[in-house]
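Good morning, and thank you for coming. I shall present one protein chain and ask you to follow it in the display.

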Amino acid sequence: SLPAHAETQVAFDFNVTLSPKAEKALVSTKEGITFSAYYYGDPKKGAEKHANEVGQIDLGMERVDLPGKPGKVHVSGGDFDPKRLKWISGPVYVNVNVFSSRKSGPDNILSCDFIDTELKNVEDQVPTLNCFLIEENAQTSVRP
């Protein structure tokens, strides 16, 4: 039989672009890129006790270190737990943040667009997250 989560497609792809300054900084310091993806939903009536401190049902997360270069990124779903879907009302949401891997120093040096949307929205398209050095003071936005 199929695993329980087969009907909930949690994997998706997104693209990362780097500004010329960001790319140069990552290369020169051998720094990587890390993404974190959080899956969440709103609690059903009666399931509020399962919610986290911000009132959401945490469905799992994935955190992956990548090479410090632009390209397509695959989110596989990490420890997404389909058993927790019974506690949510409405859609599954996903939030993705991208930052530097902090191999070359203690601080994140990247400012990137981020994803915070219904999961189905990132399955129909491949959002692009543009990354800049924080010091570039670039305007970042939510995608898609």
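A contact, in this talk, means heavy atoms within 4.5 Å. Residues 24 or more positions apart account for 71% of the chain's contacts with a separation of 6 or more. Please note that this is a predicted model, in which local features need pLDDT of at least 70 and side-chain atom pairs pLDDT 80 or more, while totals for chains, interfaces and linings use all residues. Residues are numbered from 1 along each chain as its sequence is written, and side-chain values use heavy atoms, without hydrogens and water.

The chain has 2 helices and 9 strands, which are DSSP runs numbered from the N terminus (helices: H or I, at least four residues; strands: E, at least two). Of its 144 residues, 37% are buried, that is, under 20% relative accessible area with a 1.4 Å probe, protein chains only; exposed means over 50%, and partly exposed lies in between.

Let us turn to the aromatic rings. The structure holds 3 aromatic pairs: rings of Phe, Tyr and Trp (its six-membered ring) with centres within 6.5 Å, called stacked under 30 degrees between planes, edge-to-face over 60 and tilted otherwise. Phe14 and Phe35 form an edge-to-face pair, 5.7 Å centre to centre, with 85° between the planes. Phe14 lies in strand E1 and Phe35 in strand E2, so the pair ties together parts 21 residues apart in sequence. Phe14 is buried, at 0% relative accessible area, and Phe35 is buried at 0%.

Tyr40 and Tyr93 form a stacked pair, 5.4 Å centre to centre, with 15° between the planes. Tyr40 belongs to strand E2 and Tyr93 to strand E5, 53 residues apart.
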